[in-house]
Amino acid sequence: MNQDYFAWQVRQIKSGGWAVVIRKVRKISRLPFYIIAVPLVLVVRIIRTFLVIRFGPIRNDVIGHFAFDTEYYLTERDIDKTNTLDLFYFSCFESPNVQWELMVKRSFRTHVLFKYCDQINRLIPGWEPHFARLQDTGSRDTRNIFIKTPCHISFTNEEIEDGQKYLRQVGVQPNQNFVCMIARDAVYKEKFLNWRNRDWSYHSYRNSDISNYIKAAELLARQDYFVFRIGKGVKGHIKANNNSIVDYSNSEHRSDFLDIYLSTHCKFFINGESGLKSVPEAFRVPIVFVN
């Protein structure tokens, strides 16, 4: 039996090459986590009378769900006075925005071990009370609770100073309002979410052209607003004869940090069907929906 098993493993490696080897090594590397997770889950079940501990994933494959779901969970927990001990893990190895991930880690208990605890927990009947779900509303504030509390995810003082330093650097005057605008196009998903050459064309109905936003940007600039074109991976450039309109997305300053800082500190956010709108939404920034 053992000889047949090992012979089967060898045949798989011969036919699949290094990709199969890497996959099998990854499976073996997970074994210690499962060994630790089993007794932890059993302890969690035993102490349930005194303390309810739950495990759950944070969806971090796209910024829309990542930003909205985390803040909505914290808001619901605040409103409902939930007292469970919730332990989370990220659903994907790489997040779409490292700054948001950093801020989430400051507000959540996260560790890769909790993924294996969740898997073991759901193998045992009666797992439901020990499963933590961020939200089940399709990333929408169906309870209208965002207006009842301030944002729970926050910047450090040092991060705020870095953001203000950039604003001064590009010419935003003290107490001057600025606006962020984004035109959703295909570049981001094709460049950063190219999972196994996945076809994202079914999202194409959401796309728009940044050039259609120029007149609005120029009007805002004449009213003493600074305007930032924002987005990570964008199509086209802004062609505007006004220093108060900044094509930040195509500049050397674009970063995951500034994407979040600008989106959450603007006077309002002009959103053209982009998931990034969940970031200002989480910070209770007014949003103008277009397209």
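The largest pocket is lined by 37 residues, and G64, R206, S274, G275 and L276 are the ones nearest its centre. A pocket here is an open set of points on a 1 Å grid over the protein atoms alone, where a 1.4 Å probe fits, with protein on both sides within 12 Å along at least five of seven lines; a lining residue has an atom within 4 Å of a point. The space in this pocket comes to about 860 Å³, where a volume is the space filled by probe spheres set on the points, and grid points are joined across faces, edges and corners.

Before going on, the basis. This is a predicted model, in which local features need pLDDT of at least 70 and side-chain atom pairs count only at pLDDT 80 or more, while totals for chains, interfaces and linings use all residues. Residues are numbered from 1 along each chain as its sequence is written, and side-chain values use heavy atoms, with hydrogens and water left out.

Back to the lining. By type, it divides into 12 nonpolar, 12 polar and 13 charged residues; Ala, Val, Leu, Ile, Met, Phe, Trp, Tyr, Cys and Pro count as nonpolar, Asp, Glu, Lys and Arg as charged, and the others, Gly among them, as polar. Helix 3 (63-80), strand 3, helix 7 (187-192) and helix 10 (278-282) each supply at least two lining residues. Helix 3 gives the most, with three. Helices (H or I, at least four residues) and strands (E, at least two) are DSSP runs numbered from the N terminus.

Strand 3, then. Six of the six residues of this strand, 178-183, are buried, so the rest of the structure largely encloses it. Buried means under 20% relative accessible area, exposed over 50%, and partly exposed in between, with a 1.4 Å probe and protein chains only. F178, C180 and I182 point one way, and V179, M181 and A183 the other.

Which strands pair with strand 3? Strand 4 (residues 226-229) runs parallel to strand 3 and is joined to it by four bridges, with V227 as the bridge partner of V179. Strand 6 (residues 268-272) also pairs with strand 3 in the parallel sense, over five bridges. Pairing requires that DSSP finds at least two bridges between two strands. C180 has F269 as its bridge partner in strand 6, and A183 has G272.

Strand 6 has five of its five residues buried: F268, I270 and G272 on one side, F269 and N271 on the other. Strand 6 pairs in the parallel sense with strand 7 (residues 287-289) over three bridges, and there F269 stands opposite I287.

Next, the aromatic rings. The whole structure has 21 aromatic pairs. Rings of Phe, Tyr and Trp (its six-membered ring) pair if their centres lie within 6.5 Å; planes under 30 degrees apart count as stacked, over 60 as edge-to-face and the rest as tilted. F33 and Y116 are stacked, because their ring centres are 5.0 Å apart and their planes are at 10°. F33 is in helix 2 (residues 18-46) and Y116 in helix 5 (residues 113-121), so this pair ties together parts 83 residues apart in sequence. Y116 is buried, at 6% relative accessible area.

F66 and F90 form an edge-to-face pair, 5.9 Å centre to centre with 90° between the planes. F66 belongs to helix 3 and F90 to strand 2 (residues 85-90), so parts 24 residues apart in sequence are tied together. Both F66 and F90 are buried.
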